[in-house]
Amino acid sequence: MKLTTKVGRLPAYWHIILTLLPLAAGLVCLAIGEYPVSVRDILISVRDKLTGQQTLPTFTEAAIWKIRMPEILMALIVGAGLSAAGCAFQSLFANPLATPDTVGVASGASFGAALAILLGAGMVMRQAISLVMGLAAVLLTWLASAKKRRSISTIVLAGIMIGSLFNALVTLVKYAADPENQLPAITYWLMGNLKGASYRSLLFGAPPVIFGLVVLYLLRWRMNLLPLSEDESYASGVSIRALRFITVLLATLITAACVSMCGQVGWVGLLIPHMCRMLFGSNHLSVLPASVGLGAFFMVLVDTLARCCFLPVSVLTAIVGAPFFILLMRKGRGWQL
Amino acid sequence: MILEVRNGSFGYAKNVPVLKDICFSLTSGQIVAVLGPNGSGKTTLLRAALGSLKWQNGGSFLDGKSIRSIPTREFFSHVAYVPQARNGSLPFTVLETVLLGRTGQLDVFSAPKKEDVALAEEVLQELGISHLAAKRCSELSGGELQLVLIARALAQKPSLLILDEPESNLDFKNQLIVLDTISKLKEKGIGCLFNTHYPAHALQRADKALLLSPGGSYLFGQTQQIVTEENLRTYFGVEAAIRRLQTDHGEVLDVVPVCVLSENHGI
């Protein structure tokens, strides 16, 4: 069955599904949690917000708007961002195993956050340091990868080196941390969690993700040149080096901003783009929007599940993701890249 | 349109030239064949001529203008390149692949439009591979893939086409299909330059031939004056017989390699 048009675009109805699915899931998930709220109450509350009335108990209002709303918004943004970044990295390296950490982003951002906790910095400061460290890690990878000529394999090798360097630094920070308060805080943060979401952290973390997503979306046709060999892409008349650089930059920005908000949430960036490739083929006209939509949807669901089970979300992404992925892989005709 | 290389020299390492002081040209409606033993720098020559490798001396000129002064995007709307076909590198369908050839002409943020799709379909039709449009490139045979790569280059609407060993690794029939395609493009006024391991293909199809030796020396001129028994002896170190064959479809020139000459015959 072919789900895309002959030029590899998604038909209009898929666009509608991919937009409505995460939003609808978000709305429903607002109702689910320790303190149950009915979907009807949510709709009333939305009406109240628009008309300026208050008909619901303050506690219900707070649960919806102060606690769950930011968390669900963050889940939508992080899910969309991480899977789009994963999709970009996989195409960039023409390798289905590439993840944001292949170039050291996640390790760098984690180190930044751990360091900030060690220094006792506030939340916004922690996010800022984490974002900067994520970008710094990729910059180091980029610089380390070549003296004269840069190739995909030197970037991957350099990324692995820089990634493990930052992982070692994270361990160093943990070792230096006060085992009573700081160490648990760092460990808990590294697990990846959307629990602490607030509008303030979104205000700082969401814009880079949204900016990255918009530009990647606009570049989606051109991203099809990424997996081609140097020789082939050169003859297209497009500067492939510039394209690669911009893609790395955008995907890095997205990943670093996500990690800075909620720690390392693995699997989304690997699983969702793969699933989309299996469903829609490798054309970014369809894979990229599909990754964004399904990534957001998946993240909202898994986060809600995590909220109900009192587990860190990254544990669940793996527990849900791994079997689901294996099932897909065995059932489908595999993926291509 | 004319692509010229004037006094081009290139080497990967210092003082080890691969190409020395090379001059040749390709004009619209002409076929040029590039011949030479393995390691004589055939692919290097194409890359340098197109600007993906930088000439150490001399340069490439399009209609008399140095290609360094022509924006890449504009250059590749006149000249297109068909790389050696390697299967497995393209994760797209045939139509998508051909559309990739349009990318250089599109704005940075745009996807192919209706006109582009129509153009791509027209090119597929021209090459007689419309039926492959929806197939994945990974499912194609070598001959089909080669035609798809040519189609992708033609989607750039070039006046000149540069092909890197287009008929290597293909069977008899597919070699002929690819060569016939090149001849057809010539009729349409497109200039084709191709690398080849087959002197016979040069004799049968090309107006001009460029013969390279591993030492960096070369010959360029009318094919029949370049691809001679004498030159094959000096440049390839091979004793070969060039014969005219009478067939039901007319006269055909063929080159039959006979034996390898001892080392000191080479240059």
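Before the first stop, a word on handedness: a crossing is left-handed if the near helix is turned anticlockwise from the far one by less than a right angle, and right-handed if clockwise. Helices (H or I, at least four residues) and strands (E, at least two) are DSSP runs, numbered from the N terminus.

You're looking at a predicted model, where local features need pLDDT of at least 70, side-chain atom pairs count only at pLDDT 80 or more, and totals for chains, interfaces and linings use all residues. Residues are numbered from 1 along each chain as its sequence is written, chains are lettered from A and ligands numbered from 1 in the order in which they are written, and side-chain values use heavy atoms, leaving out hydrogens and water.

**Stop one: a helix pair in chain A**

Select residues 284-309 of chain A, helix H12(A), and then 313-331, helix H13(A). H12(A) passes H13(A) in a right-handed crossing. Their axes come within 9 Å and cross at roughly 115° (axes are lines fitted to C-alpha atoms, for helices over the stretch in contact, and angles run from 0 to 180 degrees between N-to-C directions). Show side chains, and you'll find Phe298(A) and Met299(A) among the H12(A) residues in the contact, with Val313(A) and Leu316(A) among those from H13(A); contact means heavy atoms within 4.5 Å.

**Stop two: another pair**

Now pick H4(A), residues 105-118, and H7(A), residues 182-191. They pack at an angle of about 155°, with axes 9 Å apart. That makes H4(A) roughly antiparallel to H7(A), a label for angles over 145 degrees. This crossing is right-handed too. Ala109(A) and Ile117(A) are among the H4(A) residues here, and Trp189(A) is one of those they meet in H7(A).

**Stop three: a single residue**

Where is Thr255(A)? Look in helix H10(A), residues 240-262. Thr255(A) is buried, with a relative accessible area of 1% (buried means under 20%, exposed over 50%, partly exposed in between, with a 1.4 Å probe and protein chains only). Not counting residues up to four places away in sequence, its contacts include Leu82(A), Phe89(A) and Pro100(A).

**Stop four: a strand in chain B**

Jump to S3(B), residues 31-35, where five of five residues are buried. Ile31(B), Ala33(B) and Leu35(B) point one way, Val32(B) and Val34(B) the other. In a regular strand the side chains alternate between the two faces of the sheet.

Ala33(B) stands opposite Phe194(B). Finally, select S9(B), residues 208-212, which pairs with S3(B) in the parallel sense over four bridges; there, Val34(B) stands opposite Leu210(B).

Technical notes: Two strands pair if DSSP finds at least two bridges between them. Angles under 35 degrees count as roughly parallel, over 145 as roughly antiparallel, 65 to 115 as roughly perpendicular and the rest as oblique.
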